[in-house]
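Colleague: Please put the model on screen, and let us go through its charged side chains and then its pocket.

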Amino acid sequence: MDGIRMIEFQQNGDERGHLVVIEGMKDVPFDIKRVFYIYGSQNDVVRGSHANRRSEFMLINVSGTSKVKIDYGKKTEVFNLDKAHIGLYILKMVWKDMYDFSRDSVLLVLASESYDPNEYIRNKDVYYAEIGV
Ligand code: TYD
């Protein structure tokens, strides 16, 4: 599905280390309005568990690893986030669960919208009803 895909960013590496640049509407297909990051989650924790009516996201494990299970009604898919220069782009109206966090996991999230709790769908039956499945 085109609305859910891994995107590889250019690594500007030299003997000093790596530097990855992410610009809105260039490296990600939206203007970046919000940045947050998730760390310190235990391995058995499941986060997310929601869909967003408006927000698109880019998820990047800038340290450590995690998994993202996405559900868009007819199909589920699991993505491994394990590289600081590869992220998962998620279109709006996609259900996502993040889990299996390594101890050193820092999951960086770029979002296309400012925070609005009302655009979050946290009930899966409501989500399925809204997308018509
Ligand atoms: P939550 O949506 O439960 O996180 P996750 O999707 O990773 O499981 O958010 C945790 C708390 O942080 C909750 O009280 C709402 C708050 N929050 C904001 O204030 N702004 C934000 O942009 C986000 C993502 C969360």
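Colleague: Is K26 buried or exposed?

Modeller: This is a predicted model, in which local features need pLDDT of at least 70 and side-chain atom pairs count only at pLDDT 80 or more, while totals for chains, interfaces and linings use all residues. Residues are numbered from 1 along each chain as its sequence is written, and side-chain values use heavy atoms, with hydrogens and water left out. Buried means under 20% relative accessible area, exposed over 50%, and partly exposed in between (1.4 Å probe, protein chains only). Because K26 has 62% relative accessibility, K26 counts as exposed.

Colleague: Which residue does K26 meet in a salt bridge?

Modeller: A salt bridge is counted where a side-chain nitrogen of Lys or Arg lies within 4 Å of a carboxyl oxygen of Asp or Glu. For K26 the N to O distance is 3.9 Å, and the partner is partly exposed, with a relative accessible area of 39%. That partner is E23.

Colleague: How many residues apart are D116 and R54?

Modeller: D116 forms a salt bridge with R54, with 3.5 Å between the closest N and O atoms. This pair links distant parts of the chain, since D116 sits in the loop between β9 (106-111) and β10 (120-121) and R54 in the loop between β3 (47-52) and β4 (57-63), where strands are DSSP runs (E, at least two residues) numbered from the N terminus.

Colleague: How far apart are the closest N and O atoms of K67 and D100?

Modeller: K67 counts as partly exposed at 25% relative accessibility, and D100 is likewise partly exposed, with a relative accessible area of 27%. The two form a salt bridge, and their closest N and O atoms are apart by 2.5 Å.

Colleague: How much space lies in the largest pocket?

Modeller: On a 1 Å grid over the protein atoms alone, a pocket is an open set of points where a 1.4 Å probe fits, with protein on both sides within 12 Å along at least five of seven lines, and lining residues have an atom within 4 Å of a point. Grid points are joined across faces, edges and corners, and the volume is the space filled by probe spheres set on the points. For the largest pocket this space is about 200 Å³.

Colleague: Which of the residues that line the largest pocket are the closest to its centre?

Modeller: The largest pocket is lined by 14 residues, and β2 (34-39), β3, β4 and β8 each supply at least two residues of that lining. The closest to the centre are F36, G48, H50, M98 and Y120.

Methods
Helices (H or I, at least four residues) and strands (E, at least two) are DSSP runs, numbered from the N terminus.
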